[in-house]
Amino acid sequence: MTSPGQDLLTITRRPDTVFASGQGAWLTDEGGKRHLDLVQGWAVNSLGHSPALITEALLRQSQRLLNPSPAYYNRPLLDLAARLVGLSCFDRVFLASSGAEANEGAVKLARRWGSRMRGGAHEVIGFEQGFHGRTLAMMSASGKPGWSEIYPPMPTGFAKARLNDLASVERAMSPRTVAVMIEFVQGEAGVVMADPGFVRELRALTAERGVLLIADEVQTGIGRCGAAFAYELFGIEPDIMTLAKGLGGGVPLAALLCKEALNCFQPGDQGGTFCGNPLMAAVGLAVVDEICRADFLAGVRERAAQLSAGLRAISRDHALQGERGLGLLRALVLPADCADQVVAAAQALAPVGLLLNAPRPNLLRLMPALNISAAEVDEGLALLRRALAEVLG
Ligand SMILES: *Cc1c(COP(=O)(O)O)cnc(C)c1O
């Protein structure tokens with residue numbers, strides 16, 4: 001048997017499994033084996049696999065209007081923008097298709113504002129280990145070690161500071177600084193949390209210096225952390241925010257939001273063929289309406305408390321290094337660099353497998369569907385115990 005993927009451009013190592021279908025918390029492969037999925041497309045499938053609500057939104061909208069062109073208004077675009085404005089502290093919305101694209105838009109908007117209001121200030125300060133996407137500029141904005149050496153030369157205008165170290169932000173600031181870009185929880189870095197005190201001080205510092213605060217909520221937004229947006233949990237308001245991943249619930253959809261004072265693109269400055277297409281916007285509207293209700297978000301916090309308690313118990317029993325996270329974005333820290341082995345052992349469990357993600361060699365990241373049931377969380381914890389027992393003995 002040849003391994004699948006021989007016709008694909010090599011980009012990453014993947015298991016040989018080919019997945020055929022998904023329902024809720026479960027993915028089924030072509031061999032018929034079921035897997036409890038705690039990856040969910042990297043925190044994308046906020047309502048699990050193939051939720052009826054998304055199927056219906058896609059069917060309804062695809063029969064009505066697919067794409068009139070970004071040169072014209074369409075109703076789902078206007079409705080989703082209105083809903084996001086109503087839910088957040090922001091006044092203006094631009095829709096895009098990926099997190100990287102929304103983040104590029106955020107940097108463009110900040111630079112446009114800087115050229116008008118701050119005498120050409122254009123530099124954006126990001127954080128070490130941060131992740132903002134895979135376009136060349138977002139690779140420069142990200143703080144992933146080694147990323148500046150893969151595709152030189154890299155776009156310039158990006159400085160770095162250390163998360164939870166305000167003095168490092170002050171050192172990185174100059175008259176050219178236009179914005180600071182932050183993830184409140186650094187997902188790709190291994191669920192590294194910004195301290196609430198640091199975030200408040202950063203907000204005060206940026207406001208005092210006339211520097212914008214850009215919140216990259218591509219991973220943390222739309223209920224993932226137990227609130228509609230993570231910034232609410234830190235008691236501050238950013239100037240600009242980006243969303244993607246969970247916003248589309250599995251379809252490519254992203255958003256760039258800003259305060260009225262930043263509504264400074266001139267016609268033609270920003271756009272994109274698929275930006276604001278009604279098919280994806282209709283899905284986004286259905287997803288947001290479902291997730292951003294008080295009772296749904298309370299359910300996310302309950303499941304998060306259950307998952308966190310279960311992970312703490314596992315950490316105690318297996319002498320691990322603890323767990324952390326916000327809402328249903330959690331990490332379990334292993335005593336050694338064996339995360340890839342645990343991921344493989346978990347997928348290989350029988351009769352059902354468990355899908356996990358290892359963003360660091362010694363760490364597992366768990367990002368279940370936001371509507372995972374209490375029984376499924378317990379089943380996931382039990383499967384995780386079996387996988388850990390196999391690897392750690
Ligand atoms: C995933 C992610 C991105 C990139 O989003 P894409 O849709 O993959 O372009 C950007 N920022 C954060 C915080 C992310 O988690």
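Student: How does S50 count in terms of relative accessibility?
Tutor: S50 is partly exposed, at 44% relative accessibility. Buried means under 20% relative accessible area, exposed over 50%, and partly exposed in between, using a 1.4 Å probe and protein chains only. This is a predicted model, in which local features need pLDDT of at least 70 and side-chain atom pairs count only at pLDDT 80 or more, while totals for chains, interfaces and linings use all residues. Residues are numbered from 1 along each chain as its sequence is written, and side-chain values use heavy atoms, with hydrogens and water left out.

Student: Where is S50 found?
Tutor: In the loop between helix 1 (40-43) and helix 2 (52-64). Helices (H or I, at least four residues) and strands (E, at least two) are DSSP runs, numbered from the N terminus.

Student: What is the phi of S50?
Tutor: About 45°, which is positive, although S50 is not a glycine. Most residues other than glycine have a negative phi. I222 is another non-glycine with a positive phi, of about 55°.

Student: Is I222 buried or exposed?
Tutor: I222 is buried, at 2% relative accessibility. Its place is the loop between strand 10 (212-216) and helix 8 (231-234).

Student: Which residues does a cis peptide bond join?
Tutor: P152 and P153, with omega about 0°. P153 sits in the loop between helix 5 (136-141) and strand 6 (158-161). The bond from A350 to P351 is cis as well, with omega near 0°. P351 belongs to the loop between helix 11 (339-348) and strand 15 (353-355). Most peptide bonds are trans.

Student: Changing topic, which domains does the assignment give?
Tutor: Domain 1 (19-50 + 294-392) and domain 2 (52-291); such bounds come from an automatic or database domain assignment.

Student: How far apart are the C-alpha centres of the two?
Tutor: The centres of domain 1 and domain 2 are 27 Å apart. Across the boundary, 26 residues of domain 1 are in contact with 30 residues of domain 2, where contact means heavy atoms within 4.5 Å.

Student: Which residues touch the most other members in the largest nonpolar core?
Tutor: I182, L356 and L384, out of 101 residues in that core. A nonpolar core is a set of buried Ala, Val, Leu, Ile, Met, Phe, Trp, Tyr and Cys residues joined through side-chain atoms within 4.5 Å.

Student: Which helix gives the most to this core?
Tutor: Helix 9 (residues 278-291), with nine residues. Domain 1 and domain 2 each supply at least three residues to this core. There is also a second, separate core of 28 residues, including A110 and A244.

Student: What is I182 in contact with?
Tutor: Leaving aside neighbours within four places in sequence, the contacts of I182 include F127, L163, F198 and L202.

Student: Now the ligand. Which residues are around the ligand?
Tutor: Among them are S98, G99, A100, N103, F131, H132, E183 and K245; a residue is included if one of its heavy atoms lies within 4 Å of the molecule. Helix 4 (residues 99-117) gives the most to this shell, with three residues.

Student: What lies 2.8 Å from a backbone N or O atom of A100?
Tutor: An oxygen atom of the ligand. A polar backbone atom of G99 is also 2.8 Å from a ligand oxygen atom. For F131, a backbone N or O atom lies 3.2 Å from a nitrogen atom of the ligand. The ligand taken alone exposes 380 Å², and the protein buries 82% of that; areas come from the Shrake-Rupley method with a 1.4 Å probe, and for residues only the protein chains shown count as cover.

Student: Last one, S308. Buried or exposed?
Tutor: S308 is buried, with a relative accessible area of 8%, and is part of helix 10 (residues 294-317).

Student: What is S308 in contact with?
Tutor: E323 and R330, leaving aside neighbours within four places in sequence. The side chains of S308 and E323 make a polar contact of 2.6 Å. A polar contact is a pair of N or O atoms within 3.5 Å; within protein, one must be able to donate a hydrogen and the other to accept it, and residues adjacent in sequence count only if both atoms are side-chain atoms.
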